[in-house]
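Open your viewer and get ready to select residues by number. This tour goes stop by stop.

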Amino acid sequence: MVPHTIDLLKEQLPVHQESLLLTGHTTTGLVLVDLVNGFCTVGAGNLAPRQPDKQISEMVEESVRLASVFCDKKWPVFAFLDSHHPDIPEHPYPPHCIVGTDESNLVPDLQWLENKPNVTLRRKDCINGFLGSIEKDGSNLFVNWVQSNQIKAILVVGICTDICVLDFVCTTLSARNHRLLAPLEDVIVYSRGCATFDLPVEIAKTAKDVIAHPQELMQHIGLYMAKGRGAKLVSEVSFDTKEP
């Protein structure tokens, strides 16, 4: 039933994707959304995969690849890290990525980012990273990052495609349209660099107040919604080998 449903969904709600070649002629920033142990590392917490997950593993691999090239070229990188206070729940999700635990830290393959001068890290205590970037004085760390680096395009990867990634993308697009993010023009979502979790309906039915979340279905919906809001979708990202 699920494969048939997915095929029908993709037929009725097609998502056109392109290839992206980064040349350096347009200032592009890489945004990493929640590549933390609590969402990506097997057995790391309540919302971590219970077993090796192909979609999540590929997302991490592609994110590491992009982050490595961006850092080699000294291009700007912004990384969100989901980090929650234990006394502030995030309904409807169980406790996760608590501040001070390893759940809220970058996955092992990306921990080296913490020492890179071109990387900005932001621990956020909410789903939406744009809102989670608001400082006490009302300024916004993400907005400042875009403007200080004169970024014209952002390339977004991370987890979960239909939750934290989508919320951030939609808000960023609204802010761009409202002229709050000049000179930002394009918000690009890399599908292979995004992933979401899997909670089949047959398992959800056995638990109280749990919503089913079939992975492939929700991945497609997340990408479709992002494109519908104005994001550009790409299925391949490469770099101009002639660029320094």
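**Stop 1: the largest pocket.** The lining of the largest pocket divides into 18 nonpolar, four polar and four charged residues. Here Ala, Val, Leu, Ile, Met, Phe, Trp, Tyr, Cys and Pro count as nonpolar, Asp, Glu, Lys and Arg as charged, and the others, Gly among them, as polar.

Before you click further, note what you are viewing. This is a predicted model, where local features need pLDDT of at least 70 and side-chain atom pairs count only at pLDDT 80 or more, while totals for chains, interfaces and linings use all residues. Residues are numbered from 1 along each chain as its sequence is written, and side-chain values use heavy atoms, with hydrogens and water left out.

The largest pocket has a volume of about 760 Å³. Select L47, F197, D198, L199 and H213: of the 26 lining residues, these are the closest to the pocket's centre. The search runs on a 1 Å grid over the protein atoms alone. A pocket is an open set of points with protein on both sides within 12 Å along at least five of seven lines, a cavity is a set where a 1.4 Å probe fits but cannot get out, and lining residues have an atom within 4 Å of a point. Points are joined across faces, edges and corners, and a volume is the space filled by probe spheres set on them.

**Stop 2: the second largest pocket.** This one holds about 300 Å³ of space. Select L20, A153, D186, I188 and K232, the closest to its centre of 19 lining residues. Now colour strand 1 (18–22), strand 6 (186–195) and strand 7 (232–239), the elements that each give two or more residues to this lining. Strands (E, at least two residues) and helices (H or I, at least four) are DSSP runs, numbered from the N terminus. Which strand gives the most to the lining of the second largest pocket? Strand 1 does, with five residues. By class, the lining has eight nonpolar, seven polar and four charged residues.

**Stop 3: the cavity.** The structure holds one cavity of 30 Å³ or more. The largest cavity has a volume of about 140 Å³. Select its lining: F39, L47, D82, E90, Y93, H96, I127, I159, C160, I163, C164 and F197. That set divides into nine nonpolar, one polar and two charged residues.

**Stop 4: helix 5.** Select residues 141–148, then pick out F142, V143, W145 and V146, which are buried. Buried means under 20% relative accessible area, exposed over 50%, and partly exposed in between (1.4 Å probe, protein chains only). Look down the axis of helix 5: the buried residues fall within an arc of 160°, so they line one face. The arc is that of the directions from the helix axis to the C-beta atoms. What do they pack against? Their partners are strand 2 (28–33), strand 3 (77–82), strand 4 (119–124), helix 4 (129–132), strand 5 (153–159) and helix 6 (161–177).

**Stop 5: V169.** Move to helix 6 and find V169. Is V169 buried or exposed? V169 is buried, with a relative accessible area of 0%. Leaving aside neighbours within four places in sequence, V169 is in contact with V156, V187, V189, A226 and A231. Contact means heavy atoms within 4.5 Å.

**Stop 6: T28.** Select T28 in strand 2. T28 is buried, at 6% relative accessible area. Not counting residues up to four places away in sequence, T28 touches L22, F70, W75, P76, I151, A153 and L155.

**Stop 7: backbone details.** Zoom in on H91 and P92, joined by a cis peptide bond with omega about 10°. P92 is in the loop between strand 3 and strand 4. Next, go to A182 and P183, where the peptide bond is cis, with omega near 10°. P183 is in the loop between helix 6 and strand 6.

R179 is also in the loop between helix 6 and strand 6. Its phi is near 65°, a positive value in a residue other than glycine. R179 counts as exposed, at 77% relative accessibility. Finish at D34, in the loop between strand 2 and helix 2 (37–40). The phi of D34 is near 60°, again positive in a residue other than glycine. D34 is buried, with a relative accessible area of 0%.
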